[in-house]
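I opened the model to look up a few contacts. My notes follow the order in which I checked them.

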Amino acid sequence: MRRSLALASVLALGLAGPALAAEDDLMKQANEMFDPIPSVVPEVKGNAVTHNRVDLGRKLFFEPRLSASHLISCNTCHNLSLGGDDNQETSIGHGWQKGPRNAPTVLNAVFNVAQFWDGRAEDLKAQAKGPVQAGVEMNNKPAQVVATLQSMPAYVRWFEDAFPRETDPVTFDNMAKAIEAFEATLITPASRFDQFLEGDPDALDAQEKQGLQAFMNVGCVACHNGVNLGGQGYFPFGVVERPGAEVLPLDDKGRFQVTKTATEEYVFRAAPLRNIALTEPYFHSGNVWDLRQAVAIMGVSQLGQELNDEQVDAITAFLKTLTGVQPRVEYPILPGNT
């Protein structure tokens, strides 16, 4: 309720907005719109994030034998060394097929209301099952995945440790639950913006504060708010003016492909903006490589105004403060084939 009222008050300021607010007021206003990334792993509904389950999920995240070719792992498209995605326009999958959309980052994905650009997976567990079975990605079948994992005694033992109360722990569903538990740990706290929210006025410089103020005043915050600065709602791409087909391909109607509801044509989940400086290219098409250009496009398409160079530069500078401490993940040694 507090955030809804705060959003309304910001939008009521108008597109131009006032001059940069006093520092204390800016911090207070920002705290009404955003939340810092927590420093502890969040709870996951219906899935115990235990040490054994996380460790198994870490191994499975890097396991290429979940794919039919034994070449592609979760980390292939969600590379933890590259901001949690692959820095490609669209990912390359099974048989060198090119996927239809840009790979979203896995970092902080636990805070999203749903997964994928169209929200077709309700949680990280459902998301983990999708690429394994998609013909254009890993092209495997659940029964084959289970048979592969059961063929290696080490995996059987690790599944037993992770799911100790189950008589048959090596299942496709438990594979997804383990990956979900691991991905829940992939959070990036302590960005400079988080430090500002938590009371350090010197965490942002003058231009970055100007960018934060502009981000709120011009209306970006209407879609990009909360802990992940997005990922919590669905909005038409082109609220005011649709971008060209190179940015918004006409054959990808977004959430319409999930709901078959005409009003949801070209509707997508608002992109989370955490670590956005690391995850180029941008948008579901992956056709925009420059963050400044992405900001300018959003101004025209979503807000109906051409942001001036000063606004674009300031907002871009602010977005770069959203890069948090990257998770340190030890690369696992996987069991050999039997």
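I started with Pro243. Pro243 is buried, because its relative accessible area is 16%. Buried here means under 20% relative accessible area, exposed over 50%, and partly exposed in between, with a 1.4 Å probe and protein chains only. Pro243 lies in the loop between strand E1 (234–236) and helix H11 (256–259). Helices (H or I, at least four residues) and strands (E, at least two) are DSSP runs, numbered from the N terminus.

I noted the ground rules next. This is a predicted model, where local features need pLDDT of at least 70 and side-chain atom pairs count only at pLDDT 80 or more, while totals for chains, interfaces and linings use all residues. Residues are numbered from 1 along each chain as its sequence is written, and side-chain values use heavy atoms, with hydrogens and water left out.

What does Pro243 contact, leaving aside its neighbours within four places in sequence? I found Phe237, Gly238, Leu248, Ile297 and Ser301. Contact means heavy atoms within 4.5 Å. I also checked Pro243 against Pro201, 42 residues apart along the chain: their C-alpha atoms are separated by 37 Å.

Next I looked at H3. Helix H3 covers residues 51–61. Eight of its 11 residues are buried, so I call H3 mostly covered. The buried ones are Arg53, Val54, Leu56, Gly57, Arg58, Lys59, Leu60 and Phe61. They pack against helix H4 (74–77), helix H6 (142–150), helix H7 (153–162) and H8.

H3 and helix H8 (residues 172–183) pack at an angle of about 100°, with their axes 7 Å apart. That makes H3 roughly perpendicular to H8. Angles of 65 to 115 degrees count as roughly perpendicular, under 35 as roughly parallel, over 145 as roughly antiparallel, and the rest as oblique. Axes are lines fitted to C-alpha atoms, for helices over the stretch in contact, and angles run from 0 to 180 degrees between N-to-C directions.

On the H3 side, Arg53, Val54, Leu56, Gly57, Arg58, Leu60 and Phe61 make the contact. On the H8 side, I listed Met175, Lys177, Ala178, Ile179, Ala181, Phe182 and Glu183.

Rings came next. The search of the whole structure gave me 10 aromatic pairs. Rings of Phe, Tyr and Trp (its six-membered ring) pair if their centres lie within 6.5 Å; planes under 30 degrees apart count as stacked, over 60 as edge-to-face and the rest as tilted. Phe34 and Phe193 are edge-to-face, at 5.4 Å centre to centre and 80° between the planes. Phe34 lies in the loop between helix H2 (23–33) and H3, and Phe193 in helix H9 (residues 192–197), so the pair ties together parts 159 residues apart in sequence. Both Phe34 and Phe193 are buried.

The ring centres of Phe215 and Phe318 are 5.3 Å apart and the planes are at 55°, so I logged this pair as tilted. Phe215 lies in helix H10 (residues 206–217) and Phe318 in helix H13 (residues 309–319), so the pair ties together parts 103 residues apart in sequence. Phe215 counts as buried at 3% relative accessibility, and Phe318 at 0%. Ring pairs link Phe34, Phe193, Phe215 and Phe318 into a cluster.

Last, I checked Asp194 in helix H9. Is Asp194 buried or exposed? Asp194 counts as buried, at 0% relative accessibility. Not counting residues up to four places away in sequence, Asp194 touches Asp35, Pro36, Ile37, Thr188, Pro189 and Arg274.
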